[in-house]
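Subject: Structure handover, with notes on the ligand site and helix packing

Dear colleague,

I am passing on the structure below, and my notes follow it.

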Amino acid sequence: MKLRDTISVALTALARNKMRSLLTTLGVVIGVAAVIMMQALGMGATDRVTGEIAGMGSNMLIVTPGGAHRQPFGGSLLSAPLFEERDLVAIKDECAAVRYAAATNTRSVNAVYGEKSRSTSLFGVTPEWFEIREWGAAKGRILDEEDEQQAGKRCVIGESVRRDLFGDQDPIGADLRVHDLSCEVIGVLSEKGTSTFGSDQDDLVILPYSTFSRRIAGSDAIGIMQISARSEDRIDEAKEQIEALLRQRRHVLAGEDDDFSVRDMRELQKVMGTVTGVLTTLLASVAAISLLVGGIGIMNIMLVSVTERTREIGIRMAVGARSGDILQQFLIEAITLAASGGVIGILLGLAGAAGLAQAFDLPLRVPLAGTGVAFAFAVAVGVVFGVFPARKAAHLRPIDALRFE
Amino acid sequence: MAEAAAPLLELRAVTKVYGAGEAAVHALRGIDLKIERGEFVAILGTSGCGKSTAMNILGALDVPTSGHFYIEGVAVEALHADVLAALRNRRIGFIFQGFNLLRRTSALDNVELPLIYAGVPRRERRRRALEAIAAVGLGGREGARPSQLSGGQQQRVAVARALVTRPEVILADEPTGNLDSRTSREIMDLLAELHRAGQTIVMVTHDHDIAAYAPRHVTFRDGQVIADGPRPAPPAEAPAGAPPQEAHA
Ligand SMILES: Nc1ncnc2c1ncn2[C@@H]1O[C@H](COP(=O)(O)OP(=O)(O)OP(=O)(O)O)[C@@H](O)[C@H]1O
Ligand SMILES: [Mg+2]
């Protein structure tokens with residue numbers, strides 16, 4: 001029997017049972033589509049999160065009191081001494097790989113303008129903070145060295161605060177009350193939008209660090225320093241220089257653990273990458289289960305039809321089909337079904353992934369490996385569940401296949 | 001190889017046991033049977049006496065428990081499964097009691113089926129299948145599926161499928177078992193005509209009117225041959241379509 005004839009026999013057999021073929025494929029279609037969509041979703045989320053962290057300034061380092069063995073970006077700030085302004089100056093002066101260094105402090109407050117008020121985050125930052133965050137004013141100006149020197153009662157506000165408190169009014173020059181301090185609005189920051197974590201990045205009011213220390217915190221100790229390296233490939237160098245300097249300034253003895261920690265964004269990216277990676281795996285596993293269920297669907301339909309197919313095999317063998325002919329036919333049938341289900345599933349999955357990316361405002365990522373694995377798995381499932389019963393039948397005596405029930 | 005005198009088909013001391021132990025059914029208990037070329041043999045016997053079992057062995061669809069089955073002197077049990085498939089494909093045409101047509105498949109495609117496995121090119125396949133369908137008087141119905149055909153028409157399709165490879169022998173297991181007497185006669189006229197053209201035919205039936213078409217009668221009882229010879233003289237009220245008498249070769 002010629003291969004061309006076997007193919008046409010297989011395709012004819014599929015066309016003859018359109019409904020069954022369709023149902024058999026459906027499980028594979030849904031399974032493959034689900035795997036691709038979930039993976040694309042997870043990868044898009046990962047991309048967006050890491051992209052956002054990079055957007056916070058990819059050269060950025062964060063220096064906090066307390067050892068590195070404490071929780072990342074938290075831990076107790078109380079157990080280790082805070083930094084002083086001289087530390088900041090020293091870092092700027094002595095660490096060659098450091099470009100900018102800023103002190104920051106924060107507190108949540110009520111911001112009041114006229115009748116309106118809004119709870120928001122109040123930041124105190126030294127001017128270089130704006131360079132580190134690469135954040136400028138959409139209107140008016142940002143805080144400068146003079147504001148810092150004078151501990152001026154001036155502030156810059158985020159877009160959300162402006163919208164809420166000022167509406168159509170021009171905020172520049174207006175007096176905003178924060179925490180019993182009245183300060184003049186000198187600028188509005190450009191809009192950054194919502195972060196993946198769901199926080200509104202434009203919900204803030206920024207004072208000069210000196211003003212914040214004196215009027216709000218009541219101390220000019222520095223809790224957090226944000227630093228940017230001269231370039232991305234000098235981050236490690238900057239880190240080492242800062243560590244060496246601070247150990248010396250804070251009298252950390254050789255062999256003792258640091259009582260501060262210097263972290264860069266790559267670490268945060270790594271942590272977030274792990275989190276979203278787990279998320280992706282989780283989503284993909286759920287989808288893989290649906291692919292497995294799809295496979296079981298194929299098996300179910302094959303089992304239901306196996307009596308009929310076994311009689312068909314018996315008839316074919318009675319008129320001269322060799323078991324090789326039968327196997328070839330069923331193999332082609334199974335591969336055709338599973339592969340076309342896989343292809344349709346991939347197309348649907350990609351369309352669905354594009355839809356999800358749009359809906360969740362994520363970058364569209366195509367999970368190449370995942371697509372390949374899902375497709376291969378689908379074909380394997382089809383072949384195993386489709387050919388296994390056929391293999392059994394093809395090795396029966398024709399009379400037993402004809403009598404099968 | 002076999003000497004020229006070897007019969008076309010031969011069963012020698014064939015037994016067949018279904019199952020084992022206490023539940024074992026001895027369907028055949030030592031059958032000896034020779035079928036020569038050009039013969040038309042009817043196998044008779046009551047229900048359950050082993051007729052179908054013997055036919056399935058003759059058709060290379062089943063194997064004996066013991067004893068031998070020879071085709072032109074060649075022992076079939078020694079043959080590879082693929083050779084058996086070729087045997088079923090080219091040398092034997094089997095007509096089943098239950099038709100055994102592929103469902104949801106046109107009459108034409110059903111008849112073409114053996115030719116596909118014989119590797120006949122598409123064009124010639126079609127031509128020969130149409131020819132066979134015309135030969136069984138189904139011209140014009142080749143596009144119909146089994147479910148759209150009457151029992152008699154389905155059996156004609158089955159006959160056409162058995163004929164289409166021009167096999168050396170046609171094995172028919174109760175070809176008229178499911179048909180009314182008129183349709184039965186039409187099918188039997190068809191087989192009788194084939195036989196006149198030289199076709200070897202072995203047919204199972206338990207109906208003596210049907211058996212009367214065949215010159216040689218073999219009678220089974222309890223898995224054994226109890227009679228083998230020319231058909232008995234017809235009774236006075238012989239069926240209208242019965243063929244003229246001829247001596248058994
Ligand atoms: N697959 C099987 N398994 C077990 N026993 C079987 C099987 N096939 C047939 N038999 C038994 O073997 C015996 C012979 O069966 P067979 O089908 O050859 O009878 P038959 O002469 O063709 O009868 P009928 O005229 O009713 O078709 C019967 O007793 C039957 O029950
Ligand atoms: Mg029978």
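In chain B, β2 (25-35) and α1 (51-58) each contribute at least two residues to the shell around ligand 1, where helices (H or I, at least four residues) and strands (E, at least two) are DSSP runs numbered from the N terminus. This is a predicted model, in which local features need pLDDT of at least 70 and side-chain atom pairs count only at pLDDT 80 or more, while totals for chains, interfaces and linings use all residues. Residues are numbered from 1 along each chain as its sequence is written, chains are lettered from A and ligands numbered from 1 in the order in which they are written, and side-chain values use heavy atoms, with hydrogens and water left out.

The ligand site

Ligand 1 lies between chains A and B, and 13 residues surround it, the closest being Ser47(B), Gly48(B), Lys51(B), Ser52(B) and Thr53(B); a residue counts as near if one of its heavy atoms lies within 4 Å. The largest share of this shell, three residues, is supplied by α1(B). By class the shell holds four nonpolar, six polar and three charged residues, with Ala, Val, Leu, Ile, Met, Phe, Trp, Tyr, Cys and Pro taken as nonpolar, Asp, Glu, Lys and Arg as charged, and the others, Gly among them, as polar.

Among the polar contacts (pairs of N or O atoms within 3.5 Å), a side-chain N or O atom of Ser47(B) is 2.5 Å from an oxygen atom of ligand 1. For Lys51(B), a polar side-chain atom lies 2.7 Å from a ligand 1 oxygen, and for Ser52(B) the distance from a side-chain N or O atom to an oxygen of ligand 1 is 2.7 Å. Taken alone, ligand 1 exposes 630 Å², of which the protein buries 66%, by the Shrake-Rupley method with a 1.4 Å probe.

Helix packing

In chain A, the axes of α11 (residues 323-360) and α12 (residues 368-394) come within 8 Å and cross at roughly 155 degrees, the axes being lines fitted to C-alpha atoms over the stretch in contact, with angles running from 0 to 180 degrees between N-to-C directions. α11(A) and α12(A) are therefore roughly antiparallel, a label for angles over 145 degrees.

In chain B, the axes of α5 (residues 151-163) and α6 (residues 181-196) come within 10 Å and cross at roughly 15 degrees, so α5(B) and α6(B) are roughly parallel, as angles under 35 degrees are called.

Best regards

Conventions
Polar contact = N/O pair within 3.5 Å; in protein donor to acceptor, adjacent residues only side chain to side chain. Parallel < 35°, antiparallel > 145°, perpendicular 65-115°, else oblique.
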